[in-house]
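Biologist: I am new to this structure. Could you take me through it, please?

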Amino acid sequence: MYGFHGRLLRIDLTTQSYTWQDIESSRLTAVLGGVGLGASLLYDHAPPGVEPFSADNPLIFTSAPLVGTGLTTTAKYAVVTKSPLTGFIADSLSSSFFALELKRLGVDALVITGAAEQPTYLLITDDGAEFRTASHLTGLSAQETEERIRHAVRTEEEAEVRVAAIGRAGENLVRFATLSNEGRHAGRGGVGAVFGAKRLKAVALRGRCRVAVADTGAVEKIATTLRERSVGPQTAKYREIGTVANLAVFDRLGSLPTYNFQNTPFAQAEALSGESFITNSFSQTHGCAACTIRCERLFRSLNGEAQRLEYETLFALGPLCGIEEPDAVLRAARLCDRYGLDTISTGGTIAWATECADKGLWPELRETGLSFGNAEAILALLPDIAHRQGVGAILAEGSRLAATRIGAEAEGFAMHVKGMELPGYEPRSLKTMALGLAVSPRGACHNRSGAYEADFSGQVDRLQADAGRGALVAASEDFSAVLDSLIVCKFLRKCFDDFYADTAHLMSAVTGWNYTATDLKQVGERINTLKKLFNMREGWRPEDDWLPPRLLTEPLSSGVAQGVSLTPDELRLMIQSYYAARGWNEEGLVREEKKRELGL
Amino acid sequence: MGRPKALLPFDGKPLIAHLVQRLSQRFSDIVVVAAQDQTLPSLPVTLVHDAVAYQGPVGGIYYGLRAIRGTAAFVTSCDVPFLQLPFIDYLVSQLNHHGRDYDVVVPVWQDRLQPLHAVYRRSVVPHLQEQLAAQRLRPVYLYDTVPTRKVSPAEIERFDPEGMSFLNMNTQADYQAALAQWRTLSVPISCTVELFGVARLTARTSRVPLTLSAEATLGDALTVLGVECPALLGSVLSADEAGHASLQSGYTCNINGQDFVRDAHTRLRAGDSLLILSSDAGG
């Protein structure tokens, strides 16, 4: 078999046992790898209605056909489980050497079930899994854990391993805890908390399998073309500044959420702009393994420490919380990375709590001094969340569950979809994105579709809603699903001439199977439908595809989008157009004939 | 108004000479259709006369199209001093729209078709001849007969927000107003370019004030920007052999935080802010 290995390793933490199982080639052709394979395996391996923190909730790592082929930006893996934050599918991506090592294990997936009695880490090789104590690693950050394990294995066994680990937040079941490797994070949906529930501190990998492709010459030719294009003008933003470049643009376009989505723009946007960070505190450029774009930027704090920063982190720990000082954002980002907290959900939950404090809805917050712009008070909350102490114990539940503790008024400004906090795209001034956020299977997500592209390109009137958006969002979701299942980084997406035709050619060359553009388009639709079917099985209701009340009742009050609103009728119209574009019924349920059409 | 409209003094010369000079920036073959006994100043044009008087616009279009050397022509009356060349370019481009060929491209402005600011293929001459023979002197009959592309106000506003193209003169008051308007438009406008991302780092500034001609387009502004910030040429801007600048792939322009624009012919207004940013705005 080329591109794939055709098998998975199933590991049971309860019994400390493992088995290899074949994966049908029909499944691999139908959903590829990455999030597609992860969704498919999750559907089959998760008992219906499983509690996210129960031992039975499977934790699934998947590799993908392009991983290890030498194609730029393809060193990625997916980790899939039932999310403790949303109760629906969580599919997160991370990248770099851990991804390459996963592919070298000679499996397409790891399916980890059960729960260990004591803190444990797994050392997985192509010979099987070893269950090792992680008691000495408890409380360490993911980075420290990674260093300790790598050092131990190197010292004791003279071997190199790659490690993905959780920090304190994951150990304490913070519902938005991350899994991290080499400074990269599988950030959204609380994958790290599922690790914690299984008392699994880390997974260390060492593989020896070589990746074989069917047509080496063809793959190398495509790889050369993509590598050349990846350093052209289409990726200049990522190569020269990184995603932090978004902040100034979003602010100017009335699309930067601030103060818990109470308004936009942000008075101190200039100081927090990516351009200012580059000019004032740039430290280093980093890239994932096998990546020629190298989008990661590290910036220097006042204390001299270098910290990775991306737009979403900058938005969530900056303007969303009213924080104006660049150094405070860097310090907050550093703490989130140290504890293993998803920065978007952390910022979103704190911004919600800050508004509670402003409105006097949560008396216990009074002694924290929490208020918009009070960086020190916000920084002090981060360890409390990670340790689940004081008000942090409630905030660790995420804004949706926390709001249910505080009351109905507080629920009205908890800015989440399906329990996942919104990313830094203002839905009222980005109507296509508003729909994308509302219907996304994993909650408010900017990665599982690029719906904002229609808004930011002039393809549509971004300030107006219409019935054409459903088809745009569905197409964008399908495109993203294929990217995330091949896997190719989305920053490479504009380097293809014709994405589906080009990747069909690529997949044919890698696997030796004959793919067409039509096949791959249908793969995208199949994966998104499969995610929806999983969510339906786990209790999805039509009201889960909706936006927070604030966005549907309060117009924007300043900036270029002043007076712009989004009404419930407009959102309903767009959602219906999305269901129609998907071929689902008016309640958003997948019809039997659609399942048959997609072979589900 | 005391004399033929074509001969009204405008910007120091007869109005017809003013129009011919403007149109000659785009067209090498210009035909002027005069009344039977009308005398005009010497112009670098093909001059033809109505064979039959009082046949209205259909007659003028008919005699003019018969005299052109090419396969299609932009047709205008002689009393419209504010022709917008980018808009005329757009009209010509619409002879083929979404893969379909049209014989006529006619704008609709203020709910009225504008037959004397339209593009016609020479192939409609036989139809016009039939109309003249039947004394059907309204151009709209032609539009019902041949494939006609009607250009909407929204399309027009992209090039000519105030509809200056259609401003004609029928009274002395119209003439005086047009002269006053001309003097206003001769005043340069100020716009600001706001640079984001790579463009800002490359130019080492976030804002560039520009002084532009009153009828400046996006293309004009980018060309001036290239002169003001030469560091942008080659990375953010490309310049052709004539020195006209355009945005490289990977970059886009937004005007005033509202509209994303790509068309170099987009007209600018005084006070506009041009945002130059990455075309990949998310991520």
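Biologist: How many residues of domain 1 of chain B are in contact with domain 2 of chain B?

Modeller: Seven residues of domain 1 of chain B are in contact with five residues of domain 2 of chain B. Two residues are in contact if their C-beta atoms, placed from the backbone, lie within 7 Å. This is a predicted model, in which local features need pLDDT of at least 70, side-chain atom pairs count only at pLDDT 80 or more, and totals for chains, interfaces and linings use all residues. Residues are numbered from 1 along each chain as its sequence is written, while chains are lettered from A and ligands numbered from 1 in the order in which they are written.

Biologist: Which element gives the most to that side of domain 1 of chain B?

Modeller: α3(B) does, with three residues. Helices (H or I, at least four residues) and strands (E, at least two) are DSSP runs, numbered from the N terminus.

Biologist: Turning to chain A, is helix α3 (residues 97–104) largely enclosed or open?

Modeller: Helix α3 of chain A is largely enclosed by the rest of the structure, because seven of its eight residues are buried. A residue is buried if 20 or more other C-beta atoms, placed from the backbone, lie within 10 Å of its own, exposed if 12 or fewer, and partly exposed in between. Among the buried residues of α3(A) are A:Phe98, A:Leu100 and A:Arg104.

Biologist: What do the buried residues of α3(A) pack against?

Modeller: Their partners include β4 (76–82), β5 (89–95) and β12 (200–206) of chain A.

Biologist: What comes just after α3(A)?

Modeller: A:Gly106, which takes a positive phi of about 80°.
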